[in-house]
Amino acid sequence: MKLLYLRVYLLLIFLVSFSAQANQTQDTVSPQKLRLTYQEALANQSYNKALKALNKLGNHLIFNEIKHKDSYILFNGFKPYLAKCTDIEERARFYINYAEAATYAQDYKGSLKILKEGTLFMEQVKDSSLYEYGYVYLKAAENTNKLNMFSDSSLYFQKAETLFTHQKDTLMLLWTKSGLSTLFSNYAIYDKAAEERELIFKLGNKDKYAQVLAIAHLGAASDAFFQNQSDEELYHINQALKANSKHSDISEIVNIITLAYASTTYARHNDEEKSNYYFKQLNQKLKHKDNQIPFINSYYKLAQSQNALLNTRFKDAEKYAQQLLVNLNKVNDWQALARAYLLLAEINEQQKNNLKALHYFKEYVSLKDSVNKAASRKKFAYVQTQFETEKKDLEIIRNNQDIKLLQAKNRIVNQRYIFGGILIVSLFILIYIWRLRLYAIKKAKLQKEFARNLIKHLEQERKRIAGELHDSIGQNLLLIKNNLMMNKEKDAGLVEQTINEVRNMSQSLHPFQFEKLGLLTSIEHTIQNFQRNSTIFYSEDIQVDNLQIEKEKEIFIYRMVQECLANVEKHSQAKACRVEVTETDTYIKFEIKDNGIGFDVSEKMETINSLGLKNLKERAAFLGSLVDINSVKGKGTTITIKIRKN
C-alpha cells in the first residue's frame, strides 16, 4: 500500500533484518575506524576486506546516522571493484545496502536498477539458502511498487515469498505478506489485501513478530477507513496498540506511527480522552525527531490537525492540514492525499466555510473514485500475472521431466556401482555387528568368571574360618571344659590365648568398630597387628588428614590393603614393608612396598592369580579405581591403589 505507512514499512523491514548488524557495528567498531579500514583495504587491493568494511559502514550511515546520500555515494564509488570480490554473502549484502541507500536518497529508479543487478547475481549463484537471496527480491518488489509497476511488483513479492518459505524464515515471510497486502491496498484491492494479512494475524501473537503485526493492523485499519467500516477500523487500531505494548520488541518508528494513527483515529471518532492521551505520548516521542526522519512529519501533521480539530482549535487544525497538503504534493500517495482533502473539508465545514468544504470534499470523492475504477484493472492484471507465472512453472516442470528422463538413463548405467557399494557397506556392517556380538559374549564371560571367583573366594574364607574354629578355638574350649569338670585350677594362659584368637578372627572378618575408627585408623591398627605377630618390620606413613572418598567404598579399600599385607606376609620373604597414604588433586593413593624376593609381572600372569592379586584387580574394577603392580626379582614389590576423590 502506498499509504504513508508504506514508507515506514520499507524502513522497518530493514530494521528487522539489519538491526543486529548495525548495533554490532556501533558497539564494536567506530564509523571512523570502519572508514579507515575501508580506505586502507581499497588501497592495498584487498577487495573482500574493503567490501566487508563498506557494508558495515554503509549500514551504519543508513540506520544510525541517517546519512543516506553519503552512503549512496560510498556504495556507488565501490561499484567498479565489485567484480573482483569473491565473498558471495558480502556481495549480496552490497546490492541490498546499495539499493537501500538509493531508495532513501529518493533515487527509486536507480535503486531498482541496482536490485535488478542483484537478482541477476543471485540467479547465477543459485544459493537459495542465502538470506539475501529472498531479501533482494523483496526490495525489488517494494521499489517497483513505488514506481507503480504493479505486475512486476507482484512477481517479485511472489518470488520472495517462495524463497523465504524455502528458508523457513517465518519473520521475513510475514513481512513479505505485509508487502503484498500493501501492494493491494495501494490499488484499493481490499479483499486480496485482507487475504495476505490472514497469516500475519494467525502467527503474529509472539513478541518477535510484534512489529509486523502492528503494521498489518494499521494497514487493515486504513483499509477499513476507506471502506467506511468504523467498527473494523477501531478494532484494528486497538490491536495495533496491543502489539505496541511495552513487553513487545517494537522499534521506535513503529511506536511513533502507531501513536499517530491512534490519536488521529480517536479524534475522528470524537473520543477526546483517548486522542489527547495518545497525542501527548506522540509529542514526547517526537522531541527533535521530526527533522531527523522527514516522512514521520507527515504522520505528525495529520495527528496535529485532527487533534486540533477535535479540541476546536480551527486555525491550528487548518494550518497543520495545509502543511500536510504541501508535503504530500511531493509524493505519489493517493490515500494520504485523500485523508488530507477529507480533513480540510471537515475543518471548513465546522467553520461554516461551505464552499471551501465542498471543494475539498469533491477532491476527496474524485480521487477515491478514480482509484476505485483503476482497482478492477489492477486486479485483472494481477490475475493475468498469476496465470503467466503458472504457465512458466508448467514449462519448468516439463523441462525438469526431460532432464529426469536423461538422468534415468544414467542411473541404469550407474546402478551396478550403487549395488556394489551397498553390498560392500552391508558387509562392513555385518562384520561390525559380529564383532560387537563377540565383545558382548566376552564381556558376559568375564562377568560370569568374576562371579565364580567371588563365590570361590567366599568359600575359601569360610573354610579357613571353620578350620580355625575347629582346630584352635574348639580344642582350647575343650581343654577349658575338661579342666573345669576336673575342678582344676583355671588355665588363665589358655583362656587368654583363646580370646586373642577370637579377636584376630573377628578382626579378619570385619575390623572392630571400623565405622567409628574410619579407614586410616583401621589401617594403622592392622599394620600394628601384623607387626606384633610377624618377623617382618611393618611401618606406615599416612599423609592424609581428610579422606574425600565415599563411605561405602572404604571397607573395600581396607580389604584391598589387607589383601596386599597378607601377600607380603605369605609370599614376599621380605624383611620390611611400608604402607604410604598420600593424595593429589584428584586421587588418594595407597602404596604398599616390600623389599622381598619379587617376581616378573610380564612373564608370570599365573603367579599374579596365585597370589590373589587377580581378586585385588577385580575389587579395583568394581570401585572404578586404578591398581598398578610393579615387581622386580630380588628387589621387592610395590602395589599402588589410586582412588578418585569425590
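Q: Is H236 buried or exposed?
A: Buried means under 20% relative accessible area, exposed means over 50%, and partly exposed lies in between (1.4 Å probe, protein chains only). H236 has a relative accessible area of 7%, so H236 is buried. Before we go on, note that this is a predicted model, where local features need pLDDT of at least 70 and side-chain atom pairs count only at pLDDT 80 or more, while totals for chains, interfaces and linings use all residues. Residues are numbered from 1 along each chain as its sequence is written, and side-chain values use heavy atoms, leaving out hydrogens and water.

Q: Where is the place of H236, and what does H236 contact?
A: Helices (H or I, at least four residues) and strands (E, at least two) are DSSP runs, numbered from the N terminus. H236 belongs to helix 12. Contact means heavy atoms within 4.5 Å. Setting aside neighbours within four places in sequence, H236 is in contact with F201, H217, A220 and A221.

Q: Which helix holds E233?
A: E233 is found in helix 12, residues 230-243. With a relative accessible area of 3%, E233 is buried. Beyond its neighbours within four places in sequence, E233 is in contact with A221, A224, F225, T265, R268 and H269. From C-alpha to C-alpha, E233 and H217 are 9.0 Å apart in space, and they are 16 residues apart in sequence.

Q: How many aromatic pairs does the structure hold?
A: A pair of aromatic rings is described by the distance of the centres and the angle of the planes. Rings of Phe, Tyr and Trp (its six-membered ring) pair if their centres lie within 6.5 Å; planes under 30 degrees apart count as stacked, over 60 as edge-to-face and the rest as tilted. The structure holds 19 aromatic pairs. In one of them, the ring centres of Y38 and F78 are 6.2 Å apart and the planes are at 55 degrees, so this pair is tilted. Y38 lies in helix 2 (residues 31-43) and F78 in helix 4 (residues 68-78), so the pair ties together parts 40 residues apart in sequence. Y38 counts as buried at 7% relative accessibility, and F78 is buried at 0%.

Q: How are the rings of Y341 and Y360 placed?
A: Their centres are 6.5 Å apart and their planes are at 25 degrees, so the pair is stacked. Y341 is in helix 17 (residues 334-350) and Y360 in helix 18 (residues 354-485), 19 residues apart. Y341 counts as buried at 13% relative accessibility, and Y360 is buried at 11%.

Q: Which residue lies over the face of F225?
A: A charge sits over a ring if NZ of Lys or CZ of Arg is within 6 Å of the ring centre and within 35 degrees of the ring normal. R339 lies over the face of F225, at 4.4 Å from the ring centre. In another case, K642 lies over the face of Y587, at 4.8 Å from the ring centre.

Q: Which residues touch the most other members of the largest nonpolar core?
A: A nonpolar core is a set of buried Ala, Val, Leu, Ile, Met, Phe, Trp, Tyr and Cys residues joined through side-chain atoms within 4.5 Å. Of the 64 residues in the largest one, F78 and F94 touch the most other members. Besides its neighbours within four places in sequence, F78 is in contact with Y38, L42, Y47, A50, L51, L54, C85 and F94. Another core, of 35 residues, lies apart from the largest one, and its members include V579, I588, I639 and I641.

Q: Where is K168 found?
A: Most residues other than glycine have a negative phi. K168 has a positive phi, near 60 degrees. K168 is found in the loop between helix 8 (150-166) and helix 9 (170-186), and K168 counts as exposed at 74% relative accessibility. T312 also has a positive phi, of about 55 degrees, although it is not a glycine. T312 is in the loop between helix 15 (296-310) and helix 16 (314-328).

Q: How many helices and strands does the chain have?
A: The chain has 24 helices and five strands, and 46% of its 646 residues count as buried.
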